[in-house]
Amino acid sequence: NLSTVSEFVFVGLSDAPEIRLLLFVLFLLVYLATMAGNLTLLVAISTDSHLHSPMYFLLGNLSLLDLLCPTITVPKMLGALLLEHKEISFSGCLLQHFSLIAVVGTEIFLLTVMAYDRYVAVCHPLRYPSIMSRMLCAQLAVGTWATGLLNSLLHTSLVFTLSFCGPNKIQQYYCDIPPVLALSCSSTHSRELVILVVAGVLGSSACVVTVVSYIYILLEILARNSPGVWHKAFSTCGSHLTVVCLFYGTTICTYVRPSFTYAPHWDRIVSMLYGMLTPLLNPIIYSLRNREVKCALKRAISQV
């Protein structure tokens with residue numbers, strides 16, 4: 001055990017009693033709405049035969065990730081707000097950190113796979129069933145989860161094998177890379193460099209694949225130049241593109257930068273965007289922008 005610190009204390013939320021109660025109610029409502037939205041989307045995709053296609057299989061994986069992401073952090077935060085139990089053990093912090101980075105990493109790679117799926121659907125519609133077969137979809141999904149887990153294992157081992165021998169107050173409401181690194185009494189420069197390079201390479205690779213997919217989609221739309229093609233393409237890709245911009249923007253602002261730029265108050269706002277708001281908005285964006293999902297939800301509600 002390289003650490004003399006046995007527990008950490010979250011100090012990322014206000015200590016004012018009246019604000020704590022207000023924040024508790026607000027975050028509880030957001031969390032419950034997130035759970036309800038993503039569970040509803042998962043049930044609709046799994047039970048409706050019209051949604052048994054590669055696109056919705058990948059969307060189901062996204063909904064599962066959006067269930068896990070807030071569940072890793074929000075219950076502990078709600079406990080800290082209501083019961084003032086702000087402590088977390090060293091092993092608990094490690095587990096929370098590993099789980100969160102795994103989910104965030106997996107979602108980045110999954111959004112990339114979904115961009116490729118949209119590229120095949122728009123640019124090669126006749127070959128779509130043969131290219132995006134069930135076997136390939138399963139392999140891509142397993143690959144995204146495995147890559148996310150391996151990426152998280154690397155980041156977690158780099159952070160939690162450092163020495164923690166003094167301060168233990170985390171300027172955040174969960175165990176994240178920048179605030180935990182700030183508490184280490186070891187030199188963190190080399191490990192920060194490795195984290196930055198790995199996150200930069202994987203994140204930029206995923207971003208490049210996504211951007212290239214949409215460039216090909218745009219070129220295909222311009223080449224066809226037929227009536228209604230813009231509306232059809234936007235209905236096919238608009239939801240995914242909105243989610244990609246929202247998720248990539250917040251995660252890049254949080255992770256792909258050196259720790260000396262870490263600003264606790266700004267980072268708490270950004271982390272709440274991708275940790276709580278994005279999982280809440282994803283099912284809303286997909287259900288409002290997608291006619292098939294809306295029809296499936298109506299059928300599910302009518303059956304209930």
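Two strands are taken to pair if DSSP finds at least two bridges between them. In this predicted model, strand β1 (residues 7-10) meets that criterion with β2, the two being joined in the antiparallel sense over 3 bridges. One of the residues involved is E7, whose bridge partner in β2 is S89. The strands belong to an open sheet of 3 strands, ordered β2-β1-β3 and with mixed pairing. β2 (87-89) and β3 (169-170) each have a single partner strand and stand at the edges, so one side of each lacks a neighbour in the sheet. Helix α3 lies across β1, β2 and β3, and runs at about 85° to β2.

The largest nonpolar core comprises 58 residues, and L59, L111 and M114 are those with the most contacts inside it. At least two residues of this core come from each of α1 (17-47), α2 (54-83), α3 (90-123), α4 (128-131), α7 (189-224), α8 (229-255), α9 (264-289) and α10 (291-303). The greatest contribution is that of α3, with 14 residues. Another core, of 19 residues, lies apart from the largest one and includes V159, I170, L183 and I195. In soluble globular proteins, nonpolar side chains tend to be buried together.

D117 and R118 are both buried, that is, each has under 20% relative accessible area.

Terms used:
Residues numbered from 1 in each chain as written. Predicted model: local features only at pLDDT ≥ 70, side-chain atom pairs only at ≥ 80, totals over all residues. Heavy atoms only, no water. Core = buried A, V, L, I, M, F, W, Y, C linked by side-chain atoms within 4.5 Å. Buried < 20%, exposed > 50% of the residue type's maximum accessible area, 1.4 Å probe, protein only. Helix = DSSP H or I, 4+ residues; strand = E, 2+ residues; numbered from the N terminus. Contact = heavy atoms within 4.5 Å. Axes fitted to C-alpha atoms, helices over the stretch in contact; angles between N-to-C directions.
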